[in-house]
Amino acid sequence: NYLSVRKRRRTESMKSILNEQRRSSIAAAAVTILLGLILVWWPSGSVRLLCMLLGFAVFVTGVIYLLGWISRRREGYPIVFLLPGVVLCAIGVWLMTSPESVVVLIQYIFGAILIFHGIVDLQGAVALMKQSWSRWWLDLALGAVTVALGALVLINPFGTFATLIMLIGLALIFDGVSDLYIIWRLSRAFRQAERDLDDDRSDW
């Protein structure tokens, strides 16, 4: 019937979201957390080396997103999901090849990355809301906090470079941990959707 078909479509939509998140965001979140820990632990280290390491981490994250899209393209996955990977790869190459010229822009680069990532999280929360999953507002709040942290990095009210680096590190740690939580939430939601679909099939 109509309701069963609608539930099946909702399940397939959630499965698509979950697969994409699993293939890209888990690894990206791990890299983000590691990067944040390095920044917090070693804020006064070599800025040039730091920029190169950051560039490499951002580039790897971009590649992860690209591979996630490539693995899904035959299923008609929207090309718009290729954009985050392209942007992150470009930023990573820039950081690695021109670390000296990037130092003065580091707060703007990472502020923009955090805001961009927060917007992606907000989109995921909206998707959960449309699927009528419980506590979607919590995912929305996490995305909003990530956006706010990105804005704080852009403003940099603390003044000193070392404090700014620590702020960026803490923001990246929060971003990575919140991403892992969102993945866990999506996994639980998908498993529940699969159980509901199995119940519908047994009713047939």
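Colleague: Let's start with Gln-131: buried or exposed?
Modeller: Gln-131 counts as buried, because its relative accessibility is 12% (buried is under 20% relative accessible area, exposed over 50%, and partly exposed in between, using a 1.4 Å probe and protein chains only). Keep in mind that this is a predicted model, where local features need pLDDT of at least 70, side-chain atom pairs count only at pLDDT 80 or more, and totals for chains, interfaces and linings use all residues. Residues are numbered from 1 along each chain as its sequence is written, and side-chain values use heavy atoms, with hydrogens and water left out.

Colleague: Where does Gln-131 lie?
Modeller: You'll find Gln-131 in the loop between H5 and H6. Helices here are DSSP runs of H or I with at least four residues, strands are runs of E with at least two, and both are numbered from the N terminus.

Colleague: And how far is Gln-131 from Ala-189 in space?
Modeller: Their C-alpha atoms are 9.7 Å apart, although Gln-131 and Ala-189 are separated by 58 residues in sequence.

Colleague: Stepping back, how many helices and strands does the protein chain have?
Modeller: There are 7 helices and 0 strands in the protein chain, so the pattern along the sequence reads α-α-α-α-α-α-α.

Colleague: What share of the residues is buried?
Modeller: Of the chain's 204 residues, 43% count as buried.

Colleague: Back to H5 and H6, then. How do their axes cross?
Modeller: The axes of H5 and H6 (residues 136–155) cross at roughly 165° and come within 7 Å. The axes are lines fitted to C-alpha atoms, for helices over the stretch in contact, with angles from 0 to 180 degrees between N-to-C directions.

Colleague: Is the crossing of H5 and H6 left-handed or right-handed?
Modeller: The H5 and H6 crossing is left-handed. That label applies if the near helix is turned anticlockwise from the far one by less than a right angle, and right-handed is for clockwise.

Colleague: What about H3 and H5, at what angle do they pack?
Modeller: H3 (residues 83–97) and H5 (residues 106–130) pack at about 165°, and their axes are 12 Å apart. H3 and H5 are therefore roughly antiparallel, and their crossing is left-handed.

Colleague: Which helix is Gly-124 in?
Modeller: Gly-124 sits in H5 and is partly exposed, because its relative accessibility is 28%. Its C-alpha is 8.6 Å from that of Ile-182, 58 residues apart along the chain.

Colleague: And where is Ala-148?
Modeller: Ala-148 belongs to H6. At 44% relative accessibility, Ala-148 counts as partly exposed. The C-alpha atoms of Ala-148 and Gly-111 are 9.5 Å apart.

Colleague: New topic: which residues form the nonpolar patch on the surface?
Modeller: Leu-34, Ile-38, Trp-41, Trp-42, Leu-49 and Leu-53 make it up, with about 640 Å² of accessible area together. Patch residues have over 30% relative accessible area and no salt bridge; like charges are joined within 9 Å, and nonpolar side chains (Val, Leu, Ile, Met, Phe, Trp, Tyr) within 5 Å. Areas come from the Shrake-Rupley method with a 1.4 Å probe, and for residues only the protein chains shown count as cover. A salt bridge puts a side-chain nitrogen of Lys or Arg within 4 Å of a carboxyl oxygen of Asp or Glu.

Colleague: Which helix gives the most to the patch?
Modeller: H1 does, with 3 residues. Both H1 (2–41) and H2 (47–70) supply at least two residues each.

Colleague: Where is Trp-42, then?
Modeller: Trp-42 is in the loop between H1 and H2, and it is partly exposed, with a relative accessible area of 36%.

Conventions
Parallel < 35°, antiparallel > 145°, perpendicular 65-115°, else oblique.
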